[in-house]
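I opened the notebook to keep track of what I looked up. The entries follow in the order I made them.

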Amino acid sequence: MSFYQEWERAAQLDPLPGILALGPDDVERALSRLAGSGRRELADFAALISPAAEDYLLPMSELSQKLTRQRFGNTISMYLPLYLANHCANDCSYCGFSAKNKIKRKVLSANEVDLECRHIAAMGFKSLLLVTGEHERMSGMAYFREVLPVIKPYVSYLMMEVQPLSADDYRELVGLGLDGVMVYQETYDRTLYERHHLHGRKKDFRWRLETPDRLGEAGVDKIGLGALLGLGDWRTDSLMVARHLRYLRSRYWKSRYSLSFPRLRPCAGDFQPQSPVTDRQLLQLICAYRLFDPEVELSISTREGPAFRDFLMKVGITTMSAGSSTQPGGYASGGRELEQFAISDERSAEQVAAVIRRQGMEVVWQDASAQHWPQSSAPG
Ligand code: SF4
């Protein structure tokens with residue numbers, strides 16, 4: 001039994017016509033229910049991501065801010081991505097790292113990883129997200145066994161965004177110091193998934209969908225979910241992310257959870273998103289997730305621009321990256337020719353930290369929740 005069975009049942013019905021038909025009464029009912037402390041229902045989340053809820057952004061933002069401060073205090077946690085390799089055996093229609101693209105490839109040696117870590121430590125970060133393409137031979141378990149012991153002494157919280165692995169592999173990596181894994185389904189629409197994932201292991205929709213189950217079984221502390229916003233219909237995918245989160249919480253209640261919002265841009269390369277998500281819609285979505293799950297971490301990366309990030313940090317976001325390089329070796333070399341994508345917020349980590357402090361919040365350079373709050377204590 002895994003989330004796959006729940007997904008199979010839910011995917012038989014298209015929820016979009018129902019979401020589009022919701023009206024102001026449905027939104028107001030959902031808001032008043034979610035303002036209390038009762039059970040949080042998917043139907044209420046659906047109302048908050050409906051077009052009708054676009055007129056309720058102010059009360060949604062105020063409630064989201066209140067719930068976030070109640071749970072996370074006046075803090076924003078900072079993390080940094082460390083790109084280790086850009087080899088990839090997959091072919092995803094929307095990504096420049098795809099195997100078919102003739103780009104310069106690099107995998108950092110243990111010495112180069114150590115050099116990156118020294119630069120990152122000097123920037124003040126204690127929480128790292130290791131990123132690779134998905135390539136078992138160039139950056140698979142043998143590589144992780146080699147580099148995790150190099151990295152771990154520099155950090156207090158270590159996360160990965162790499163190819164999906166088996167539960168036994170995750171258990172081994174936990175033993176080497178792994179704390180969290182981000183694994184984005186991209187889209188929960190299987191037909192669309194197969195259209196955009198053309199070659200390689202990533203073609204296997206079910207293997208990817210069941211990855212968070214394997215993470216829960218392996219006892220990984222934090223599991224990160226998300227959909228690539230704009231690839232499919234964002235409302236349909238976001239509702240399935242909420243369903244996935246609810247399922248995982250009820251089954252693997254010792255783990256903590258984090259949601260991210262990678263957004264495809266209309267101008268990113270040749271690829272045109274099917275349903276671009278506007279700034280207002282992304283704000284609506286972030287507030288809806290916070291109201292649906294007051295304990296989940298909400299993370300925003302430097303894909304988003306400075307002004308929008310500065311605004312979002314006040315209404316529900318708990319975790320941010322800053323000063324990021326998306327190129328293997330980019331912190332030590334300052335190079336940019338191997339970047340996965342150009343970041344939108346180019347401010348240094350200290351500049352972003354100064355903005356956070358000016359907004360009356362404290363900057364936490366390590367994983368704040370692990371230090372100061374108990375884990376979620378009961379199935380939701
Ligand atoms: S999205 Fe990930 S798996 Fe797909 S080509 Fe890019 S790096 Fe590889």
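Entry one, the ligand. I counted a residue as near a molecule or strand if one of its heavy atoms lies within 4 Å of it. With that rule I listed the residues around the ligand: Cys-88, Asn-90, Cys-92, Tyr-94, Cys-95, Phe-97, Ser-98, Gly-133, Glu-134 and Lys-202. I then sorted this shell by class and got five nonpolar, three polar and two charged residues. Here Ala, Val, Leu, Ile, Met, Phe, Trp, Tyr, Cys and Pro count as nonpolar, Asp, Glu, Lys and Arg as charged, and the others, Gly among them, as polar.

A note on the source. The model is predicted, so I kept in mind that local features need pLDDT of at least 70 and side-chain atom pairs pLDDT 80 or more, while totals for chains, interfaces and linings use all residues. Residues are numbered from 1 along each chain as its sequence is written, and side-chain values use heavy atoms, with hydrogens and water left out.

How many aromatic pairs does the structure hold? I found nine. Rings of Phe, Tyr and Trp (its six-membered ring) pair if their centres lie within 6.5 Å; planes under 30 degrees apart count as stacked, over 60 as edge-to-face and the rest as tilted. The ring centres of Phe-45 and Phe-292 are 5.5 Å apart and the planes stand at 55°, so I wrote this pair down as tilted. Phe-45 is in helix H4 (residues 42-48) and Phe-292 in helix H13 (residues 279-292), so the pair ties together parts 247 residues apart in sequence. Helices (H or I, at least four residues) and strands (E, at least two) are DSSP runs, numbered from the N terminus. Both Phe-45 and Phe-292 are buried; buried means under 20% relative accessible area, exposed over 50%, and partly exposed in between (1.4 Å probe, protein chains only).

I next looked at Phe-125 and Trp-365, an edge-to-face pair with 5.2 Å between centres and 85° between planes. Phe-125 counts as buried at 2% relative accessibility, and Trp-365 counts as buried at 19%. I also noted a cluster in which ring pairs link Tyr-4, Trp-7, Tyr-193 and Phe-205.

Is H13 mostly enclosed or open? I found 12 of its 14 residues buried, so H13 is largely enclosed by the rest of the structure. Among the buried residues are Gln-281, Arg-290 and Phe-292.
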